[in-house]
Amino acid sequence: MPQEVRGVIARAKGEPVTVETIVIPDPGPGEVVVAVQACGVCHTDLHYREGGINDDFPFLLGHEAAGIVETVGEGVTEVAPGDFVILNWRAVCGECRSCLRGRPHYCFATHNAQQKMTLLDGTELSPALGIGAFADKTLVAAGQATKVDPEARPEAAGLLGCGVMAGIGAALNTGGVTRGDSVAVFGCGGVGDAAIEGSRIAGAHTIIAVDLDDTKLEWAKGFGATHTVNAATEDPVARIKEITGGNGADVVIEAIGLPHVYKQAFEARDLAGTVVLVGVPNPEHTIELPFIEVFGRGGALKSSWYGDCLPSRDFPMLIDLYLQGRLNLDGFVSETIGLDQVEEAFHKMETGGVLRSVVVL
Ligand SMILES: NC(=O)c1ccc[n+]([C@@H]2O[C@H](COP(=O)([O-])OP(=O)(O)OC[C@H]3O[C@@H](n4cnc5c(N)ncnc54)[C@H](O)[C@@H]3O)[C@@H](O)[C@H]2O)c1
Ligand SMILES: [Zn+2]
Ligand SMILES: [Zn+2]
């Protein structure tokens, strides 16, 4: 029997979101219905609402979630009813050219549920990142639900589903940060702070946090930044060089998505170092770099999609670290809110003051 539950809908570009009744079909082959327990508010939800992703309104927002599998469709073997899962937007296909080369973390053909969730009048919804978890329940592909230790708090665990995984993975997977490295992170929102946390776990020796906001810099210290630089009052490139003995950092992570900041990241890097871009650029922006420096500095300029994570490999491992007290996921949960407070949470995100507002159901 299809179920009627509440969901947060963006009906039109720029319009405030509304809580509406939505219809969740029974899971078909390869699909599961998940009772959502918690879902973080991510910048990407706001991008959808602003029409910045595509025009497929109405959207069912929310995609950083944890919950309990309620029912499973035919052929589902990965999870069973009652399992505690984190939702992901990288259900790998196993058959594309990347998967076949043993690189499923880059899968070029990820998939979502086949059936559509709808409004009461039958209008099909577009779930954010194929998930749509600002709702009591949601329908996803079985591969989008990753089973983890149920001891973890849902509000913290769900954050691994997007921004926190993107940041940790930018450091650990894409940047390959390791013991003794110096790391600089530009932008200390949820993603940047997760990159700092990831660098700390990896044993980085020096971790330099760069932001324009002193409160954000203070929080960054809590995640493991050893030095902070306020780019509003200091030249971040000069300061990073100074802190690293005149050389620059081994790994520089850009977690904002701005061309002039990317250029600073490029310049703040040591010879043979790595720049990782995890911030999402505006499609209209371009960058210009001195070509001889691109060659002369060597190393690597990399981009990080979803922290190059493989959910089945990374989520259970990171939840174990969290439960052992070695990964500070709780630090990202600034506040818990109800489904009807998502619009307010968008405003807080724009004015600073939170790392993550998390909807609790
Ligand atoms: N690559 C991925 O898979 C992935 C996944 C999730 C999010 N993201 C992207 O990561 C980026 C960061 O997300 P977030 O949730 O942390 O955002 P956020 O807005 O919370 O954080 C951005 C931070 O950058 C700071 N900042 C802005 N301009 C700056 C400047 N010139 N110099 C230094 N600091 C500056 C802000 O003060 C803020 O603290 C976004 O672009 C988001 O879309 C990427
Ligand atoms: Zn694939
Ligand atoms: Zn997100």
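Strands here are DSSP runs of E with at least two residues, helices are runs of H or I with at least four residues, and both are numbered from the N terminus. I noted that two strands count as paired if DSSP finds at least two bridges between them. Within this pair I found that glutamate 335 has serine 357 in β18 as its bridge partner. I then followed the chain and saw that β17, helix α11 (residues 342-351) and β18 make a right-handed β-α-β unit; right-handed is said of a crossover whose path from the first strand over the helix to the second runs clockwise, with the strands pointing away from the viewer.

**What I am reading**

I keep in mind that this is a predicted model, in which local features need pLDDT of at least 70 and side-chain atom pairs count only at pLDDT 80 or more, while totals for chains, interfaces and linings use all residues. Residues are numbered from 1 along each chain as its sequence is written, and chains are lettered from A and ligands numbered from 1 in the order in which they are written.

**Domains**

I looked up the division of the protein chain and found domain 1 (3-161 + 328-360) and domain 2 (167-304), with bounds that come from an automatic or database domain assignment. The centres of domain 1 and domain 2, taken over C-alpha atoms, are 29 Å apart. Where they touch, six residues of domain 1 are in contact with eight residues of domain 2, contact being C-beta atoms, placed from the backbone, within 7 Å.

**The mixed sheet**

I traced an open sheet of five strands in the order β7-β2-β1-β4-β8, with mixed pairing. Its edge strands are β7 (118-119) and β8 (126-127), each of which pairs on one side only. Strand β4 (residues 59-60) runs parallel to β8 and is joined to β8 by two bridges, and leucine 60 stands opposite proline 127 in β8.

I also checked two backbone details. A cis peptide bond with omega of about -5° joins phenylalanine 57 and proline 58, and proline 58 is placed in the loop between α1 and β4. Leucine 129 lies in the loop between β8 and β9 (137-141) and has a positive phi of about 50°, although it is not a glycine.

**The parallel sheet**

I found an open sheet of six strands, ordered β13-β12-β11-β14-β15-β16, with parallel pairing. The edge strands are β13 (227-230) and β16 (300-303), each pairing on one side only. Strand β14 (residues 249-254) pairs with strand β15 (residues 269-277) over five bridges in the parallel sense, and the bridge partner of glutamate 254 in β15 is leucine 277.

**Around ligand 1**

Which residues come nearest to ligand 1? Of the 29 residues around ligand 1, I noted Ala166, Gly187, Gly189, Val191 and Gly257 as those that come nearest; a residue is near if its C-beta atom, placed from the backbone, lies within 6 Å. At least two shell residues each are supplied by α1 (43-49), α4 (163-174), α5 (190-202) and β12 (206-211), and α5 gives the most, with three. I recorded the shell as 16 nonpolar, ten polar and three charged residues, where Ala, Val, Leu, Ile, Met, Phe, Trp, Tyr, Cys and Pro count as nonpolar, Asp, Glu, Lys and Arg as charged, and the others, Gly among them, as polar.

Note on methods
Two residues are in contact if their C-beta atoms, placed from the backbone, lie within 7 Å.
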